[in-house]
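Please follow the account below with the sequence and the coordinates at hand.

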Amino acid sequence: MVDDFNPNGRTRHDAVALAMLRVRRFTRFRITPAVYRDPRPVRIGAWPVGGEPVPFADAVRHSFEPFELGREWGRPWDTVWFDVRGEVPADWAPGAAELVVDLGFTGDQPGFQAEATVYRPDGTVVKGIEPLNNWVPLPEPGPFRLLVEAAANPVIQVPYEYEPTHLGDRATAGETPRYRLAEMTVARRDPMVWNLLQDIVTLDGLVDVLPPDGARRAEIVHALERMVDAMDPDDIPGTAQIGRRALAPALAGNAASSSLIVSAVGHAHIDCAWLWPVRETVRKVARTFANVLDLIDRDPDFVFAASSAQQYAWLKDSQPELFERVRAAVAAGRIRPVGGMWVESDTNMPGGEALARQFVLGKRFFAEEFGVETDEVWLPDSFGYTAAMPQIARAAGARYFLTQKPSWNEINAMPHSSFLWEGIDGSRLFTHFPPAETYNSDLGAHDLDRGERLFREKGAARHVLGLFGWGDGGGGPTREMLAVAERKRDLDGSPRVRLGDPNSFFRSAEAELPAPPVWVGEMYLELHRGTLTSQHRGKHGNRHSEALLREAELWATTAAVLRGTPYPYDALEAAWRVVLLQQFHDILPGTSIAWVHQEAERNYERVAADLTALIDARLAALGGGGTTPIAANAGPYSRTGVPGMGIGPVTPPATVRPRRDGDRIVLEDPLLRVEVGRHGALASVVDRVADRELLPAATLGGVLQLLRDTPREWDAWDINEEDQRSGRDLLDPVAVDLVDDAVLVRHEVGATTIEVTVRLVDGVVEYGFRIDWHESQKLLKLAFPLDVRADRATSEIQFGHLHRPIHQNTSWDTARFETVAHRWIQVGEPGYGVAIANDVVYGHDVRNAHAPDGRPMTTVRLSLLRAPRYPDPSADQGSHEFTVSLRPGGVAEAITDGYARHLPPRPTTGTPVAPLIEVSNPAVVVESVKLAEDRCGDVVVRLYEAHGNRSSAMVRTSFGWDRLTTTDLLERPVASDAVRATTPGAAVDLLLRPFELVTLRFHDPRA
Ligand SMILES: [Zn+2]
């Protein structure tokens, strides 16, 4: 309902505007209040929990103090249980009675303020209560009792949307009640008046979008006016039927034969955490599913799609009775699990194996709990999409991809709505962007009209997806949305709306586009570029958890296969679940309230402790109790004498001690000569083998830059390019010292201290950073101007790498001013380049430029730290530690360094252990070694071609197996031509295409 038809002057001389002013006023002030009548009070008792939520069984045992309407309730994040008792008069029509609740709602959209779960006295859930969906059915006449679990979730987004808030942390949120209970009454709903209101809403919306001079619009306005004429303002219930009759002809006309077909799928985008903590999402999921189950009973065609296995798992744990009803609805096809991932994760930052596990754990849950397999990827809201996704999704059995987020691009509009998306290895997914550009549609005329205008394939295709239902904070579809959908099945002036399911939509859309357009590579989001850097400790936790999980699985597998040590399936799965949850698209990107990020950091610490203990135990078992110092190398390549994925004695690299040479400090080994100047930056880096200086003339390397970071909006989300015009180089350290084998540079900037150690280890310049960060709205970058003439940057992504142009020829190139790389980035000329690796950085920018002497150069910058103020005013404050390395090299060296940053040989004792797996070609990289998900004891090895070439490799094994299958990510057999030959128990001969991902399953002969 649009009721803000501008009356300020616009209506004059405009008969339609005048008419609509009258219609809307009549609707708002006469018809809407008449939907409910005969309100009756209820008796209310209240029990404030005064802490974290408690289960129903605990709450119901408490005594409830009498409570009245109009009273304040709800300290921030507290829960108040209301005990509600009333009576439904026996003479009311069956189904008419409802409990109407206003918790003190402050805005329109549900999910960002108070909300409640309603229980029967037996503990079963009835429904959620939210703004715009604030009723509870009272089907039985006579006395009733309900328990209302009201969550005082504070509004985080006022008064100004990006104002720092103390409300995002329980410790700082204060004790002031946030709400006043405004209404809790029994009333009867008049279905005739309600249906009249839905008729009006349906037609009214069309007035705003139809051609102003067209006959159809005039017909609708005329009908609405006749409706007002025909009704008695003092007897709405008595004249509602007459009003509906007046509107009937305007609702009877058919849609044009050319109209789009909107597959309307019920949905509720529920962020696993954002402006609320994870624990609140657990309750949001229950409220939303309860709402959905109520609607399913009311409309036989309604289908609801919900992603995120994690959210179903929460429901199973927290509300088992509701979960069983969901399970039944899934079996009946009414609720469709979609997406197949554990959560709707970010896709820029999770590592390859983690993104694979999103599907493995998600799809396994759906298969085990519901017996369903999803064939689409469902990521409507993540901040850009990795070019690795098509291959990973295909390997998980998916065929389709859904998002709408690219519609948020600041500069360039994506050219297609339905198309094939091709990844780095050539895999393709049929992809659809719902052209209404929202996942929170109400199926109103504005959304449908936008969808028609923006659907890029119109003419060639007619099927579009419409996702309707309140989202972000959950809530889901409402009966009003279903009423609109029903009226728009075949309505003149509107696209045709068909309630449907995502899979049927994708099949129809795919079938009608025999030669779809193709988008190749990443789907970069031209917005939210700061999410690669915000909440740095969380990113550190993610990156190091991923590395620890690799280590833990590798050594657990090795110990299981060689020593019979039980494989810790449950502990590993528990760790994965935490890591996968925290890759959610508002946690890992750093865009949630303080509560969420503090909790995430604690969880990462716990995961690290658990996995480290697990690794230590396996290494002790493998070492056999000996005392000889050795080391375990979990990386794929041999290092300091220890073979990749093996355990053995270390041959440490020669220590390079720095020495003073005039006002410079020199580090030198047979490969590199490095000079650090008084300013603490690199003054020279000479590749002694190639006899080549890496730094352009009169240019410093490894320079810290402190830049302004005051985005226009979206503080934690965005970096604005214009801010990078303002900043300074940190070239005035308080100390530059020689410490043993390192140069120690110390900067003090206000309250912030930055300690940088520079070492030279085996031809690699290694940086260690220790930062105590107390900045506000600043961005810290590390800049390496390089004397190479590169035309592109090569960045590691999941299971491969991506080339991106570094010029600014087009608006697309210009907009891509901050990009993601994982463990390394590389720039170069044919035959010569520089590799920069890191152990936490995701945000990079690379540009071609000119040195002071006028010669071309390439500048690589790493985004190290930010300090946004919203939604977490304490974001990034405090201590940070991480490493960066630099050396001459191509992709092969970059990959080696990337793994080296994360998987240093782990000291242990005992006797050496040969690797389970050895690969003859460094281009073929083992990313994961584990035991099979089905716990039968088979060894699963995931490898990928990492150089972007066709690569062959001999994989030698040192454990017993009698049969090999190539599998998908779910470890089910799939045909593959990657395996050329096998020698059971000994070797596999592989030939991989560029970036090809292969999962090998070695069958345990004992199984
Ligand atoms: Zn979201």
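In this predicted model, Val758 has a relative accessible area of 1%. Because the limit for a buried residue is under 20%, Val758 counts as buried. Val758 belongs to strand β34, which covers residues 752-761. Beyond its neighbours within four places in sequence, Val758 is in contact with Leu667, Leu682, Asp741, Ala742, Val743, Val765, Glu766 and Tyr767. Ala218, by contrast, lies 540 residues from Val758 along the chain, and the C-alpha atoms of the two are separated by 75 Å.

The metal site may be considered next. The zinc ion is coordinated by four residues: His269 and His585 each through NE2, and Asp271 and Asp381 each through OD, at 2.0 to 2.1 Å. What angles do the four donor atoms around the zinc ion subtend? They range from 88 to 162°. A tetrahedral assignment would require all angles to lie between 85 and 135 degrees, and the arrangement is therefore irregular.

Along the sequence, the donor residues of the zinc ion follow the spacing H-x1-D-x109-D-x203-H. Within this set, Asp381 and His585 link distant parts of the chain, being 204 residues apart. Asp381 sits in the loop between β16 (376-378) and α10 (389-395), whereas His585 sits in the loop between α15 (569-581) and α16 (594-623).

Both residues of this pair can also be described by their accessibility. Asp381 has 4% relative accessibility and so counts as buried. His585 is likewise buried, with a relative accessible area of 0%.

Key:
Residues are numbered from 1 along each chain as its sequence is written. This is a predicted model: local features need pLDDT of at least 70, side-chain atom pairs count only at pLDDT 80 or more; totals for chains, interfaces and linings use all residues. Side-chain values use heavy atoms; hydrogens and water are left out. Donors are N, O and S atoms within 2.8 Å of the metal (3.2 Å for Na, K and Ca); water is not among the atoms, so sites may look incomplete. Four donors count as tetrahedral if all angles lie between 85 and 135 degrees; four count as square planar and six as octahedral if opposite donors are over 155 degrees apart and all others between 65 and 115; anything else is irregular. Helices (H or I, at least four residues) and strands (E, at least two) are DSSP runs, numbered from the N terminus. Buried means under 20% relative accessible area, exposed over 50%, partly exposed in between (1.4 Å probe, protein chains only). Contact means heavy atoms within 4.5 Å.
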